[in-house]
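Biologist: I would like to learn how to read a model of this kind. Could we take it feature by feature?

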Amino acid sequence: FRRVLFRSTPLVTVVSKDAKRRLYDRAGVPVAMGTVGFPRSSAQMAAWGFEYLGWHGKWVTGYKGTTEVAEALERGEVDMIAGNTNQEDVPRHIKTGKFEVLAIAGAAPPGATLLPEFAAAPPLSDLLAGKLHDPIAVAAFEYWLTMGSIDKWFGLPAGTPPDIVAAHRLAFSKLP
């Protein structure tokens, strides 16, 4: 796998330390993964874990937004969430000592450093190394990592006046 793919905000999956021990216990209660819905790049990290790493989990979907998912984690309604490393909730959860980063995908842009909370997080590509044998699964994972490197993007509808397109292109070129 290509371990380093640049994105402005790497993705992380955060799990409750209490729930982490249940992650591989097929006889026990599955770890509840909270998410707004699909297709969200960050939530797909758990999908790879459920399918190829043997994580014993279930989906809890339908939250209205990222804040609601973070609150569900705090309440113990879900055991695991995923998000971007730039979200305030993620480091705050880790600093409580109740949660830890299970995996990270993507890399900090050149010259940037990750917060200490994410420095030791295992890359999802390393966790999956040697576990994807189907060429289609390998291609799908590579595609997902590559698509995740885009992070946020902007688009304009067909027929947008040229001056507006030029203004957007100029503004986009100045983004960090």
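Modeller: The turns below go from confidence and layout to strands, cores, rings and a few single residues.

Modeller: This is a predicted model, in which local features need pLDDT of at least 70, side-chain atom pairs count only at pLDDT 80 or more, and totals for chains, interfaces and linings use all residues. Residues are numbered from 1 along each chain as its sequence is written, and side-chain values use heavy atoms, with hydrogens and water left out.

Biologist: What does the chain average in pLDDT?

Modeller: pLDDT is the predictor's confidence in each residue, from 0 to 100. Here the chain averages 83, and 82% of the residues score at least 70. Strand E2 (residues 31–34) has the highest confidence, at 96, and helix H5 (residues 116–119) the lowest, at a mean of 76. Over residues 1–7 the pLDDT stays under 50, and the model has 33 contacts beyond four places in sequence for them; contact means heavy atoms within 4.5 Å.

Biologist: How many helices and strands does the chain have?

Modeller: Helices (H or I, at least four residues) and strands (E, at least two) are DSSP runs, numbered from the N terminus. The chain has 8 helices and 5 strands, in the order β-α-β-α-β-α-β-α-β-α-α-α-α along the sequence. Of the contacts with a separation of 6 or more, 72% are between residues 24 or more positions apart.

Biologist: Why is strand E5 described as largely enclosed?

Modeller: Buried means under 20% relative accessible area, exposed over 50%, and partly exposed in between (1.4 Å probe, protein chains only). In the chain, 40% of the 176 residues are buried. Strand E5 (residues 99–105) has 6 of its 7 residues buried, so the rest of the structure largely encloses it.

Biologist: Which strand do 6 bridges join to E5?

Modeller: Two strands pair if DSSP finds at least two bridges between them. Strand E1 (residues 11–16) is joined to E5 by 6 bridges, and the two run antiparallel. Thr13, found in E1, stands opposite Ala103 in E5. Thr13 counts as buried, at 0% relative accessibility. Beyond four places in sequence, its contacts include Ser42, Met45, Met80 and Leu102.

Biologist: Which residues have the most contacts inside the largest nonpolar core?

Modeller: A nonpolar core is a set of buried Ala, Val, Leu, Ile, Met, Phe, Trp, Tyr and Cys residues joined through side-chain atoms within 4.5 Å. The largest has 25 residues, and Met80, Leu124, Phe141 and Trp144 have the most contacts inside it. At least two residues each come from E1, E2, helix H2 (41–52), strand E4 (80–84), E5, helix H6 (124–128) and H7. H2 gives the most, with 5 residues. A second, separate core has 16 residues, including Val12 and Val90.

Biologist: How is a pair of aromatic rings described?

Modeller: A pair of aromatic rings is described by the distance of the centres and the angle of the planes. Rings of Phe, Tyr and Trp (its six-membered ring) pair if their centres lie within 6.5 Å; planes under 30 degrees apart count as stacked, over 60 as edge-to-face and the rest as tilted. This rule gives 5 aromatic pairs. In one of them, Phe141 and Trp144 have ring centres 5.7 Å apart and planes at 35 degrees, so the pair is tilted. Both residues lie in helix H7, 3 residues apart, about one turn of the helix. Phe141 is buried at a relative accessible area of 0%, and Trp144 is buried at 6%. Together with Trp48 and Tyr52 they form one aromatic cluster.

Biologist: Which residues are buried in helix H3?

Modeller: An α-helix has 3.6 residues a turn, so residues three or four places apart point the same way. In H3 (residues 66–75), Val69, Ala70, Ala72 and Leu73 are buried. Their arc around the axis, taken from the directions from the helix axis to the C-beta atoms, is only 155 degrees, which puts them on the same side of H3. The buried residues of H3 pack against E1, E2, E4, helix H4 (89–95) and E5. Just after H3, Gly76 takes a positive phi of about 85 degrees.

Biologist: Where is Leu156?

Modeller: Leu156 is in the loop between helix H7 (135–148) and helix H8 (162–173). Leu156 counts as partly exposed, at 38% relative accessibility. Its contacts beyond four places in sequence are Ile164, Val165 and His168.
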